Amino acid sequence: MSQAVNVRSISLVSLGGVLGSLLRFLIGEIFTNSRTSTLIANLFGVGLATFLLVLIERRGNADLRHFLLPGFCAGLTTFSAVTAQALEPQDGGLLFLAHNLIFSLMIVVIVLPLARRIIPVRS
C-alpha cells in the first residue's frame, strides 16, 4: 500500500471518528443517564454498522468503508464505557452488560437480512 493511500485512509478514518464521537457526545447530552446514553449509542452504532457493512460490500468503496466503519461507527460506539459500567455490580453492572450484548445481537439478526434484501448487488 502506498504512502498516499495510507494518508488518505488515516484521514478518512480520523474524520469519521471525529464525527462519530461528536454524535456520541450529543447523545450523552440528550440522555443524561450515562448507561442510557451508552446503550443508545451502542445499539444505534451496531445497527448502522450492520447496514453499512452490507451497503459497502455491495455498493461501496474503500474510502467509504474507512470513513464509515472504523471511522464514524467506531467513534460513535463505546465498548470501554460498557466495560467500565459493567464493573459496577451494586448498580446492576452485569445486567447492563447483558442488555448491551443481547440487544446488539438482536439488532444484527434483524438488520442484516433486511439490508441484504433492500440493497441491490452492484451489477
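Contact is taken here to mean heavy atoms within 4.5 Å. The structure is a predicted model, in which local features need pLDDT of at least 70 and side-chain atom pairs count only at pLDDT 80 or more, while totals for chains, interfaces and linings use all residues. Residues are numbered from 1 along each chain as its sequence is written, and side-chain values use heavy atoms, with hydrogens and water left out.

The secondary structure of the protein comprises five helices and zero strands, where helices (H or I, at least four residues) and strands (E, at least two) are DSSP runs numbered from the N terminus. The order of elements from the N terminus is α-α-α-α-α. Along the principal axes, the C-alpha atoms occupy a box of roughly 50 × 35 × 25 Å. Of the 123 residues, 35% are buried; this class means under 20% relative accessible area, with exposed over 50% and partly exposed in between (1.4 Å probe, protein chains only). The protein exposes about 7,600 Å², of which carbon and sulfur atoms supply 71%. These areas come from the Shrake-Rupley method with a 1.4 Å probe, and for residues only the protein chains shown count as cover. Among contacts between residues at least 6 apart in sequence, 77% join residues at least 24 apart.

Two packed helices are described by the angle between their axes and the distance between the axes. The axes are lines fitted to C-alpha atoms, for helices over the stretch in contact, and angles run from 0 to 180 degrees between N-to-C directions. Angles under 35 degrees count as roughly parallel, over 145 as roughly antiparallel, 65 to 115 as roughly perpendicular and the rest as oblique.

Helix H2 (residues 34-59) packs with helix H4 (residues 79-86) at an angle of about 140°, and the two axes are 10 Å apart. H2 and H4 are therefore oblique to each other. The crossing of H2 past H4 is left-handed, a term that applies if the near helix is turned anticlockwise from the far one by less than a right angle, right-handed being the clockwise case. On the H2 side the contact involves Ser 34, Arg 35, Thr 38 and Asn 42, which meet Phe 79, Ala 81, Val 82 and Gln 85 of H4. By class, the residues of this contact are three nonpolar, four polar and one charged. In this classification Ala, Val, Leu, Ile, Met, Phe, Trp, Tyr, Cys and Pro count as nonpolar, Asp, Glu, Lys and Arg as charged, and the others, Gly among them, as polar.

H2 also packs with helix H3 (residues 62-76), at an angle of about 170° and with the axes 9 Å apart. This geometry makes H2 roughly antiparallel to H3. The H2 residues Ala 41, Phe 44, Gly 45, Leu 48, Ala 49, Leu 52, Leu 53 and Ile 56 meet Leu 64, Arg 65, Leu 68, Leu 69, Phe 72, Cys 73 and Leu 76 in H3. The contact of H2 with H3 contains 13 nonpolar, one polar and one charged residues.

For H2 and helix H5 (residues 93-118), the packing angle is about 25° and the axes lie 9 Å apart. H2 is thus roughly parallel to H5, and the two helices cross in a right-handed sense. Their contact comprises 13 nonpolar, eight polar and three charged residues.

Glu 57 belongs to helix H2 and counts as exposed, at 61% relative accessibility. Twelve residues separate Glu 57 from Gly 45 in sequence, and their C-alpha atoms are 18 Å apart in space. Ile 119, in the segment after H5, is buried, with a relative accessible area of 6%. The C-alpha atoms of Ile 119 and Glu 57 are separated by 9.9 Å, although the two residues are 62 apart along the chain. When residues up to four places away in sequence are not counted, Ile 119 touches Phe 51, Val 54, Leu 55, Arg 58 and Arg 59.

Val 13 lies in helix H1 (residues 3-30) and counts as partly exposed at 26% relative accessibility. With residues up to four places away in sequence excluded, Val 13 touches His 66, Pro 70 and Gly 71. Val 13 and Ile 118 are 105 residues apart along the chain, and their C-alpha atoms are separated by 27 Å.
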